[in-house]
Amino acid sequence: PICMLSVLAIIVPLIVLVIMIWKKVNIAVSAIVCTGLMALMSGLNIYDCLTNDYMEAFVGYIKNYWPLIFLGASFGKAMQLGGGAEDLANLLTSKLGTKFTIAVLCVTTLILSYGGVSCYVIVFVMYPIALNMFKKADLPRHLIPAIVAAGSFTAVNLGPGSPSVVNNIPVKYLGTSATVLPVYSAIIAGSFFLLALFYCLWQEKVARKKGEHFSADAATLKMMAEYEQKEHGNGAIAFIPLALVVIPLFFGVNVLYTLLMGWISIAILYWNKIDNKIEILNCGVSDAMGAIVATSAVVGFGGVAKLTAGYTTLVNVATSMGGSPLISFSLGTALLSGACGSGSGGLTLALETLAPRYLEMGINPGVLHKIASAACITLDSLPHNGVMVTVLACCGLTHKEGYKHLFAITVVGSIIILIEAIVLASIMYPIG
């Protein structure tokens, strides 16, 4: 009973956090209130938790990710400001029409993500392009997070040779490689992307049937209207900044340098089209600040969650679970990822605490690698996940408006693919 109460001390504040976010309470306020509640229910010193542990996780996240999120936001905003996003949207729409808008955007996002553009950055790169294409296709903006999720949160986490964090963390613990079990990886990765793509296409039909149309806030509509009145440029030129961001990543160049090169190229290529030159320096700052503060707030919640007795109980439950090895390992990894709101955090814990025991059972290290990568992206993306917060903040949507699509793809979809991965592994690589 005491163990159960300790777990409730995490679950109850988490539920309250989700409700507060849904009710449009500012996420920074929600996270602090629920962190205090979690500390209270766990018998921890509330003042110490909020001023030390919470703030350490909060500031630590900003320290690690501010340059990446700031440059990503600046690059995306510069693409919008210079008109590159509109030019690219015009080119794609003229060649393919508006009928294939969803599919084109999903595939483009997948290619950029596989090229190494971080999940924290991809939304800033794709949003302005998607925004312009959505206007031409007259699609509701709440579908944009679904496209980001379909392209960057599915196949790229599981595919062979993928640069994603969750495909590379297991290498260190299991002695595998990023290209381990290429056929098996390709099947589950391909299934995940197709499932997400079909969901997006289905939701497009639902939106059309409901009579939903494109809409945006006044500032965004004004910016788009102003650009439409100008002389449009060559859409092919807009590929240059994107190429400068993605191609060097294949040769090991740091993403911060590639984003900076992309941003500079936009300033040069579109200099004459930018009316307010100072704006090219300011662009993206407010977007980046809003996104990183919101994300850091929930990372702080996760930082305190790890200190509670409930978290230790979850780790113990995960390590002592019976039943089929692949199922129990998946459940353990998913629970740990959900508790700290981080797929990479839950994955690291699972590999440190659970993996050695499962390797002793004779499970193929490659299978364990892929099952771990598939399991950690199931419950990690509940509303308190940092990437979900960043995506919605960048798209100017509340959780109530856009999270349902993220949930459908990153929670429901990933659970379906995890089941497929377990069944397929049992057939292709039987234990013993």
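# Reading the terms in a predicted model

Tutor: Q80 lies in helix 3, which covers residues 46–82. Bear in mind that the model is predicted.

Student: What makes Q80 count as buried?

Tutor: The relative accessible area of Q80 is 10%. Buried means under 20%, so Q80 is called buried.

Student: How far apart are Q80 and L131 in sequence and in space?

Tutor: Q80 and L131 are 51 residues apart in sequence, and their C-alpha atoms are 9.4 Å apart in space.

Student: Where is V107, and why is V107 called partly exposed?

Tutor: V107 is in helix 5, residues 101–114. The relative accessibility of V107 is 37%.

Student: What separates V107 from S373?

Tutor: Along the chain, 266 residues; between the C-alpha atoms, 21 Å.

Student: How many salt bridges does a search of the whole structure find?

Tutor: The search finds one. The side chains of R208 and E204 form a salt bridge, with N to O at 3.6 Å.

Student: Why is the contact of R208 and E204 called a salt bridge?

Tutor: The term asks for a side-chain nitrogen of Lys or Arg within 4 Å of a carboxyl oxygen of Asp or Glu. The N to O distance for R208 and E204 is 3.6 Å, so the pair qualifies. In general, side chains of opposite charge can pair when their charged atoms come close.

Student: How are R208 and E204 placed in helix 10?

Tutor: Helix 10 spans residues 182–210, and R208 and E204 are four residues apart in this helix, which means a separation of about one helical turn.

Student: Are R208 and E204 buried or partly exposed?

Tutor: E204 has a relative accessible area of 11% and is buried, since the cut-off is under 20%. R208, at 38% relative accessibility, is partly exposed.

Student: What is the phi of L181, and where does L181 lie?

Tutor: L181 is not a glycine, yet its phi is positive, about 45°. L181 lies in the loop between helix 9 (165–174) and helix 10. At 15% relative accessibility, L181 is buried, because the value is under 20%.

Student: Which residues have the most contacts inside the largest nonpolar core?

Tutor: F134 and I371 do, in a core of 112 residues. Helix 6 (residues 119–137) gives the most to this core, with 13 residues.

Student: What does I371 touch?

Tutor: Leaving out residues up to four places away in sequence, I371 touches Y184, L326, F329, S330, L418, A421 and I422. A second, separate core has 24 residues, among them L17, M38, A39 and A339.

Student: Which residues lie nearest the centre of the second largest pocket?

Tutor: I27, A294, V389, A393 and H399 do, out of 15 lining residues. The lining divides into 10 nonpolar, four polar and one charged. Helix 2 (27–41), helix 15 (285–305) and helix 21 (386–394) each supply at least two lining residues. The volume of this pocket is about 330 Å³.

Technical notes:
Residues numbered from 1 in each chain as written. Predicted model: local features only at pLDDT ≥ 70, side-chain atom pairs only at ≥ 80, totals over all residues. Heavy atoms only, no water. 1 Å grid on protein atoms, 1.4 Å probe; cavity = no way out; pocket = protein on both sides within 12 Å on 5 of 7 lines; lining within 4 Å. Points joined across faces, edges and corners; volume = space filled by probe spheres on them. Nonpolar A, V, L, I, M, F, W, Y, C, P; charged D, E, K, R; others polar. Buried < 20%, exposed > 50% of the residue type's maximum accessible area, 1.4 Å probe, protein only. Core = buried A, V, L, I, M, F, W, Y, C linked by side-chain atoms within 4.5 Å. Contact = heavy atoms within 4.5 Å.
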